[in-house]
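Welcome, and thanks for stopping by this model. Have a look at the structure below, and then let us walk through its helices, rings and charges together.

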Amino acid sequence: MPGSGISPCAACKLLRRKCAKDCVFAPYFPADQPHKFACVHKIFGASNVNKMLQDLPLQQRGDAVSSMVYEANARVIDPVYGCAGVISSLQQQIAQLQTQLTLAHAEILCIRMHQAAMSSHLANNEVMDVEDPSSPHTPQLNQFHYKPLMPALEPAEAVQSLWRSC
């Protein structure tokens with residue numbers, strides 16, 4: 001609890017100071033989650049985090065801390081790009097999935113056209129002798145041979161969770 005001296009918040013514990021009753025860190029960095037503040041402190045510094053939180057209205061501080069924790073974890077994983085690297089990776093994954101979806105739609109269209117052509121032949125009472133390669137109808141089967149358009153693509157790697165401990 002802040003101010004009780006019994007259990008200081010994670011920030012005060014890491015900074016080795018007494019947790020005051022009005023500690024700005026206490027509501028957002030509980031003692032049982034020391035990794036959150038450790039990552040944020042490593043990237044932003046305690047003084048800067050303190051200033052940012054004090055400059056914000058109370059109702060926005062929780063979201064600001066969540067954003068700082070996310071960005072700090074992203075910077076630990078990718079020091080150069082941080083969250084921008086995660087966003088770029090997700091955009092590439094979306095583009096790849098959109099391409100796969102387009103190919104799947106094209107493949108469905110080909111299958112439907114194949115089925116329609118086969119139904120048309122059956123409706124016209126054309127007998128296809130699959131057993132006899134010399135049958136005049138056998139070459140028509142080759143014209144309807146189905147080949148998948150979409151190559152087997154490996155799924156894109158999932159973006160690592162940034163909410164884990166550093």
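Phe37 is buried, with a relative accessible area of 0%; here buried means under 20% relative accessible area, exposed over 50% and partly exposed in between, with a 1.4 Å probe and protein chains only. Phe29 is likewise buried, at 0%.

Before going further, a word on the model: it is predicted, so local features need pLDDT of at least 70 and side-chain atom pairs count only at pLDDT 80 or more, while totals for chains, interfaces and linings use all residues. Residues are numbered from 1 along each chain as its sequence is written, and side-chain values use heavy atoms, with hydrogens and water left out.

**The aromatic group**

How many aromatic pairs does a search of the whole structure find? There are three, counting rings of Phe, Tyr and Trp (its six-membered ring) whose centres lie within 6.5 Å, with planes under 30 degrees apart called stacked, over 60 edge-to-face and the rest tilted. In one of them, the ring centres of Phe29 and Phe37 are 5.1 Å apart and the planes stand at 75°, so this pair is edge-to-face. Together with Phe25, Phe29 and Phe37 make up one aromatic cluster.

**The chain as a whole**

The protein chain has six helices and zero strands, where helices (H or I, at least four residues) and strands (E, at least two) are DSSP runs numbered from the N terminus. Along the sequence, the pattern reads α-α-α-α-α-α. Of the 166 residues in the protein chain, 24% are buried. Contact means heavy atoms within 4.5 Å; among contacts in the protein chain with a separation of 6 or more, 53% come from residues 24 or more positions apart.

Axes are lines fitted to C-alpha atoms, for helices over the stretch in contact, and angles run from 0 to 180 degrees between N-to-C directions.

| Helix pair | Angle | Axis distance |
|---|---|---|
| Helix 2 and helix 3 (residues 46–55) | roughly 100° | within 7 Å |

Helix 2 and helix 3 are therefore roughly perpendicular; angles under 35 degrees count as roughly parallel, over 145 as roughly antiparallel, 65 to 115 as roughly perpendicular and the rest as oblique. From helix 2, Phe37, Val40, His41 and Phe44 meet Ala46, Asn48, Val49 and Met52 of helix 3. The residues of this contact comprise six nonpolar, two polar and no charged, where Ala, Val, Leu, Ile, Met, Phe, Trp, Tyr, Cys and Pro count as nonpolar, Asp, Glu, Lys and Arg as charged, and the others, Gly among them, as polar.

On the helix 2 side, Lys36, Cys39, Val40, Ile43 and Phe44 take part, and on the helix 4 side, Met68, Val69, Glu71, Ala72, Asn73, Arg75 and Val76. This contact divides into eight nonpolar, one polar and three charged residues.

**The salt bridge**

Side chains of opposite charge can pair when their charged atoms come close. A whole-structure search finds one salt bridge, defined as a side-chain nitrogen of Lys or Arg within 4 Å of a carboxyl oxygen of Asp or Glu. Which residue does Glu71 form a salt bridge with? The partner of Glu71 is Arg75, and the closest N and O atoms are 2.7 Å apart. Glu71 and Arg75 are four residues apart in helix 4 (residues 58–77), about one helical turn. Glu71 counts as buried at 19% relative accessibility, whereas Arg75 is partly exposed at 28%.
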